[in-house]
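Please consult the sequence and the coordinates alongside each answer.

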Amino acid sequence: MWQRIQTVFLAIAVLALLSSTVFPIWMIEQNGELHVLTAFYYLKGGVYQYSPYSLTAVLAVASATVAFIEITKFKNRLTQMKLGALNSLFMAATIISSVYFATDLIKALEAGGRYGLGMWLPGLAVICNLVANYFIRKDERLVRDSERLR
């Protein structure tokens, strides 16, 4: 299982997605008050608001779970390809959610701020997922070509 390169890329994607829930997505210090947006909450001065912002964390954890299940299905490449496509949707939703909440806060506070590592790690996970899907398709083509030669 671990000798296949797509497993390594999927493991990197899982680590990137789980790490993105820990690191801040966006932050700014305005009027001596710290505003931090993470995947789980929005922190404003010391008050945590979880309500709509935790959607990003739910999507990231769901995507990491699908990637982990994709790793365990290494004997069935067609299932892996389907899970990879589903995972791409979850990862895109994670990125869209984090960008939406960050730009919404930028507009509300009328300030720029800076993006944190939590914004960029889901992008790394998308790239790793795409590369893993490429290698899964490459393995499937190799198996089909070898069966045709028999």
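A residue is called buried under 20% relative accessible area, exposed over 50%, and partly exposed in between. The model is predicted.

Q: Is glutamate 140 buried or exposed, and at what relative accessibility?
A: Glutamate 140 lies in helix H4. The cut-off for a buried residue is under 20%. Glutamate 140 therefore counts as buried, its relative accessibility being 12%.

Q: Which parts of the chain does the salt bridge between glutamate 140 and arginine 77 tie together, and how many residues apart are they?
A: The two side chains meet at 2.9 Å, N to O. Glutamate 140 belongs to helix H4 and arginine 77 to helix H3, so the bridge ties together parts separated in sequence by 63 residues.

Q: How many residues apart in sequence are the parts tied together by aspartate 139 and arginine 4?
A: The side chains of these residues form a salt bridge of 3.4 Å, N to O. Aspartate 139 is in helix H4 (residues 117-149), while arginine 4 is in the segment before H1, so the parts tied together are 135 residues apart.

Q: What distance separates the C-alpha atoms of arginine 77 and aspartate 139?
A: Arginine 77 lies in helix H3 and is buried, at 19% relative accessibility. Along the chain, arginine 77 and aspartate 139 are 62 residues apart, and their C-alpha atoms are separated by 8.0 Å.

Q: What span does helix H3 reach from its first C-alpha to its last?
A: H3 contains 33 residues, for which 48 Å is expected at 1.5 Å a residue.

Q: Which element supplies the largest share of the largest nonpolar core?
A: This core has 14 residues, and those with the most contacts inside it include Ile25, Trp26, Tyr42, Tyr53 and Leu109. Strand E1 (26-30) and helix H3 (77-109) each supply at least two core residues. The largest share is four residues, and it comes from H3.

Q: How many residues apart in sequence are the parts that tyrosine 42 and tyrosine 53 tie together?
A: The two rings form a tilted aromatic pair, with 5.6 Å centre to centre and 50° between the planes. Tyrosine 42 lies in strand E3 (residues 42-44) and tyrosine 53 in the loop between strand E4 (47-49) and helix H2 (54-72), so the pair ties together parts whose separation in sequence is 11 residues.

Q: Which residues form one aromatic cluster?
A: Tyrosine 42 is buried, with a relative accessible area of 6%. Tyrosine 53 is likewise buried, at 7% relative accessibility. The cluster comprises Tyr42, Tyr53, Tyr100 and Phe101.

Q: Which element gives the most to the nonpolar patch on the surface?
A: The patch is formed by Ile5, Val8, Ile12 and Leu124, with about 280 Å² of accessible area together. Isoleucine 5 is located in helix H1 and is partly exposed, at 39% relative accessibility. Three residues of the patch come from the element that gives the most, H1.

Note on methods. Residues numbered from 1 in each chain as written. Predicted model: local features only at pLDDT ≥ 70, side-chain atom pairs only at ≥ 80, totals over all residues. Heavy atoms only, no water. Phe/Tyr/Trp six-rings, centres within 6.5 Å; stacked < 30°, edge-to-face > 60°. Buried < 20%, exposed > 50% of the residue type's maximum accessible area, 1.4 Å probe, protein only. Patch = residues over 30% accessible without salt bridge, like charges linked within 9 Å, V, L, I, M, F, W, Y side chains within 5 Å. Areas by Shrake-Rupley, 256 points an atom, 1.4 Å probe, with all protein chains shown as cover. Salt bridge = Lys/Arg side-chain N within 4 Å of Asp/Glu carboxyl O. Core = buried A, V, L, I, M, F, W, Y, C linked by side-chain atoms within 4.5 Å. Expected span 1.5 Å × (residues − 1).
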